[in-house]
Amino acid sequence: MTKSMLKKMPSKFPKMIVFDLDYTLWPDWIDCTNGPPYTYDESTNAVVNTTGEYLGFFEHTADIIALIKSFPDTQIGIASRTQTPEWAKKAIGLLRIPGLDNTPLVENVDYLEIYPGSKLKHFKSLSEKSGISCSDMLFFDDESRNREVCKLGVHFVHVNTRTGITPFQFENALHAFASNSGAKQTKMDGFFTAKSKMK
Ligand SMILES: [Mg+2]
């Protein structure tokens, strides 16, 4: 999936797109596994531990991350309340994004907030560190309880735990974000036209 897979360009992009980890980017609760040590399995783009458990992305995760990197000015954040932050950090240091020269996910993430507790704390910290208002953030998470971050102005999108984020859902979320958030940028179409002409 590249930016061309978007059927229509949104009129405005989020300044940050934030993802939960468990059942949003990958189909497991990492803290319910046996954890590291991990080895990276190149053929499946998964980590495998000594008990034979595999952990890899949902089908569209890597393509969606690569797509965001083609947006003009959108940061990427992770907000996870896992009980095993170090395991999660190891996994995102190994799982790769084929569309971004096979670089590990963690190299493509601007902000990490990975620790247990209410995600209100995660988002306050994301906003403080980045200087980006929560109302300029789009957030994907499978757990309804984390909707509480809407109180801060975050745009919450509920993810299906069986599929993860689909391209259809992702594009719809971008358009909903654009139409729900105040002033519109007008130069985005020009940006993409200019970029595609460079190829
Ligand atoms: Mg989750």
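## Naming the pieces

Helices (H or I, at least four residues) and strands (E, at least two) are DSSP runs, numbered from the N terminus. With those names in hand, you can find your way around this predicted model. The chain contains five helices and 10 strands. Arginine 145, for instance, sits in the loop between E9 and strand E10 (155-158).

The average pLDDT over the chain is 92, and 89% of the residues reach at least 70. Where pLDDT is low, the predicted coordinates should not be read in detail.

## The sheet

Which order do the strands of the open sheet follow? The five strands run E8-E5-E1-E9-E10, and their pairing is parallel. Strand E8 (111-114) and E10 form the edges; each has a single partner strand, so one side of each has no neighbour in the sheet. From one strand to the next, the twist averages 20°.

Now look at one pair, E9 and E10. These two strands run parallel and are joined by four bridges. Aspartate 141 stands opposite histidine 158, which belongs to E10.

## The nonpolar core

In soluble globular proteins, nonpolar side chains tend to be buried together. Here, the largest nonpolar core has 48 residues. Those touching the most other members are Val18, Val47, Ala91, Leu95, Met137, Leu138 and Phe139. Both strands and helices contribute: among the elements that each supply at least two residues of this core are strand E1 (16-19), strand E3 (46-49), helix H2 (85-94) and helix H4 (167-180).

Leaving aside residues up to four places away in sequence, valine 47 touches Tyr38, Tyr40, Leu55, Ala91, Leu94 and Leu95.

Of the 199 residues in the chain, 34% are buried. Is arginine 145 buried or exposed? Arginine 145 counts as exposed, because there are 9 C-beta neighbours inside 10 Å, and the cut-off for exposed is 12 or fewer.

Folding also brings together parts of the chain that are separated in sequence. Among contacts between residues at least 6 apart in sequence, 68% join residues at least 24 apart. Arginine 145 gives you a distance to check: its C-alpha atom is separated by 9.3 Å from that of lysine 119, with the two residues 26 apart along the chain.

Key: Residues numbered from 1 in each chain as written. Predicted model: local features only at pLDDT ≥ 70, side-chain atom pairs only at ≥ 80, totals over all residues. Buried ≥ 20, exposed ≤ 12 C-beta atoms within 10 Å, placed from the backbone. Contact = placed C-beta atoms within 7 Å. Core = buried A, V, L, I, M, F, W, Y, C linked by C-beta atoms within 7 Å. pLDDT = per-residue confidence, 0-100. Pairing = 2+ DSSP bridges. Axes fitted to C-alpha atoms, helices over the stretch in contact; angles between N-to-C directions.
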